[in-house]
Amino acid sequence: MTARMTIALLTLALGAGLAHAATAVPPPTSAGYSAPRLFNLANAYARDGRPGMAVLNYERARLLAPNDPDIRANLRFVRTTATLPPITGTWFERQASKLASPNALFWFGCAGVLMVGVSLLLSRQYPRRRLALGACTAAGFALMAVTLCNALAIWPMMSEAVVIARATPARVAPASMADSLMTLREAQILTVDTELRDFTLVHTDMGRSGWVATADIARVVPRAGKGIVGF
Amino acid sequence: MKLLHPSRLHLQLSVIAALLLAAGAAYGAPSVTQQIEPAEIALGEAAQLTIATLGNTQTPIAPPVIAGLEFVAVGQSSQMESINGQTTSKNSVTYQVIPQRAGIFTIPGLLGGSPPLVLRVLASGVSAASSSPGAFSTLPAAGSAMVASATHLTQDGSAFVRLRLPKHQLYVGESMLVDIQVGLRDGLVATLNGLPSFAGDFFTLNNLSTKPEEAQEIIGGQPFTVLTWHSALAAVKPGTTSLTIDTPLTVRMQTMRPAAANRFRDPALNDVFNDPFFQNFFGGGTTEKEITLTSPPATISVMALPTQNRPEGFTGAVGHFKVSSELSAASTTVGDPLTLRLHVSGAGNFDRVRSAMLGSVDDWKTYPPTATFTAADATGYRGEKVFEQAVIAREPGTKILPGLAFSYFDPDAGRYETALTPPVNVTVMADVAGKAAANSLAQNVGAGTAPAVPFVSPGLRPDHADTGNSVASLVPRYFQPPFLAVPSALALAFIGAWFWLRRREQAANDGDAALQRATAQATATWLAQMDTAAAARDIQVFFSSARSALRQALAARWQVAAQSIGLEDIDAHLGPDGNDVRQLFARADEATYSGSDEDVGDLAHWKQVVLRQLKERPTQ
């Protein structure tokens, strides 16, 4: 078997593997997440005067459809109504999180790995076509870099939570009788640290920390098997 | 020469002696001046006594002991001057003079260097503060000067604790600033075992700082380090109570030998050598003992808030407050939120400062307000509380947001006050989405009921059509291990393929090189045999070796086995250019089978034929 045949077979096998991996994803179900469904749910909560749940679902919808202008507009409206400060973040986070949906970028990254691998293998067999294959390699690396940037920008959201109860006290210790350090506002976004029994240690964007009842907050990205609220 | 009369001479000598004595006294002995301001105060107020010492003295001058007056040191200063080599120092100590009863008090001149002072104390209720600038009233408005309770040292004189209060009467819920002072005699107090505290349920005290202010004070001629905590005391229930402050301390007890005490005649030396430092130095032992220091009781009367004329919106705020309001914009669109802010600033119990802001208002949808407090001092007694409320206009037109009311109790005036903010005119423009939608939003948002029929909200963009595509998890796929295995497997497969190809090429390169080396070695052997055969005139061996050398070279060139090369292959690969090779193969067959001879000159020709073929580069 020649080297050319080896590369061709390898590429075919990997392509078939990718296709199999793609089809291995559970089919869409009514219990899953979709950007329109989350957006409509958030609208319903906003109309119901529950800014915490509204912001939570807007943030989740934004994760699936980062370039949707309606999601951004409604999220801004609800935050303004709840007298919360506008969404901030570094330029890198804002730009990198708007590239495309993370799930689409995942496949871009896989395609980048495929392009880099195939072009590097072919460049050994066809040294005279190194220029074209080099461009293909660079394009593959670019796809991988875009995916990596998006992952870095999305990573902080993995530990973000939204206050879904009104006037949630943040306490000095994970106990109901502990002194209250501050009162968190509904729809305020926090960074989740650790959990202990029914309490979660959170940090605000102002750098303050405290223990809040786990039931009063909801993770933007719920952990597997934790239900729709996310804890 | 005129002689003076003896009596005049005596008089002149007396004057000169008096002048010399006065000059000597002025140079050697310190001069003391004292001043009291004001000279007339009311009972419950305090005056200020300043004692200044001019001259070279290190001995601090203590205030006199006068029944009915208490002297509390509040500060001291030192100043040194050097003129023409003579150094003089000026020390001044300031005391707060607190009368215990009304009357006229005479403060004698100290060291005879200053005239006596007179302090007139009027009975309580007669206000002298207004006519006597500088007096400190014990019934002041918030923020006025503190009056300290009496300073009672412990039995061993090692420490004291005292409470400084601005007044002794307050209302339930009212807060007042207090200073808690703990004086520690240097060297006698080992540690402070806890923060000052008080017992009882009449008051609450704000948290005390772990880093109090520190100052030096001289009491009874001894230096004390005075720690001062500033806090706010809030009355909880009505009644009259005595407030005392407890402070846990560890003091050092001297175990001095009896003979060591009063060993010097000079009291000043005794003071110096009885100091704990010298006691320790000379072998005097110390033991430590934990004690709880208690301040002299301060009687405080807490009055209930009057029930008459109590405003409806009163939430328990007691103090002195000012209010103002602002709106985020003067014009808006139906459905767009505005932020209404109420600023309450001043001094008082801000934890009871609350406001419901606007309740149900026609043409406006209001939301529950939020509050933030910014303290202007460390105790939280002064500051500003800002209430924010989101309001949404329901109808277009020129609308009025009503003014806000805030009620509080003024403890100085003894009555309730209600501060009002002016109403605000707002221009509300119609929204393109329509009036019905705005009404629907305003009715549903905050009412706790979901809309029965989906509508287009003026503030919210409309719902999206569900495409049916969904994902099982919100965790991005590049953070999910099963998906992360895909690019990992790809990368590993490509890396493996890369190394496999590289190894394969390397093995192939290694085989070619070995073959070339073997061919070269075999060719060299055949050439050597040709030379040997030519020298021995062995024609058969010569041509046999020449044919073998050619086969070796042609086999490497044509990538075929050496033994299989025959005349047909030579014809096929070399064509007409292979005549010499073909003839050499024929001669070799002829020499092998017929044994014909050749001369030496022919052999050299055939060797050149072989060498020429060996020099040909193999085709790729």
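**View 1. Helices H6(B) and H8(B) lie oblique to each other in this predicted model.** H6(B) covers residues 539-558 and H8(B) residues 579-593; their axes come within 8 Å and cross at roughly 140°, so the pair counts as oblique (angles under 35 degrees are roughly parallel, over 145 roughly antiparallel, 65 to 115 roughly perpendicular, the rest oblique). Axes here are lines fitted to C-alpha atoms over the stretch in contact, with angles from 0 to 180 degrees between N-to-C directions, and helices are DSSP runs of H or I, at least four residues, numbered from the N terminus. Among the residues that meet are Phe543(B) and Leu550(B) from H6(B) and Leu584(B) and Phe585(B) from H8(B), contact being heavy atoms within 4.5 Å.

**View 2. H3(A) and H4(A) run roughly antiparallel.** H3(A), residues 51-64, packs against H4(A), residues 69-81, at about 155° with axes 10 Å apart. On the H3(A) side the contact includes Val55(A) and Tyr58(A); on the H4(A) side, Leu75(A) and Val78(A) are among the residues involved.

**View 3. Chain B meets chain A.** Here 52 residues of chain B touch 64 of chain A. The count of salt bridges between them is 3 (a side-chain nitrogen of Lys or Arg within 4 Å of a carboxyl oxygen of Asp or Glu). One to zoom in on is Arg461(B) with Asp70(A), closest N and O atoms 3.1 Å apart.

**Notes.** Residues are numbered from 1 along each chain as its sequence is written, and chains are lettered from A and ligands numbered from 1 in the order written. Local features need pLDDT of at least 70 and side-chain atom pairs 80 or more, while totals for chains, interfaces and linings use all residues, and side-chain values use heavy atoms, leaving out hydrogens and water.

Definitions and conventions: Helix = DSSP H or I, 4+ residues; strand = E, 2+ residues; numbered from the N terminus.
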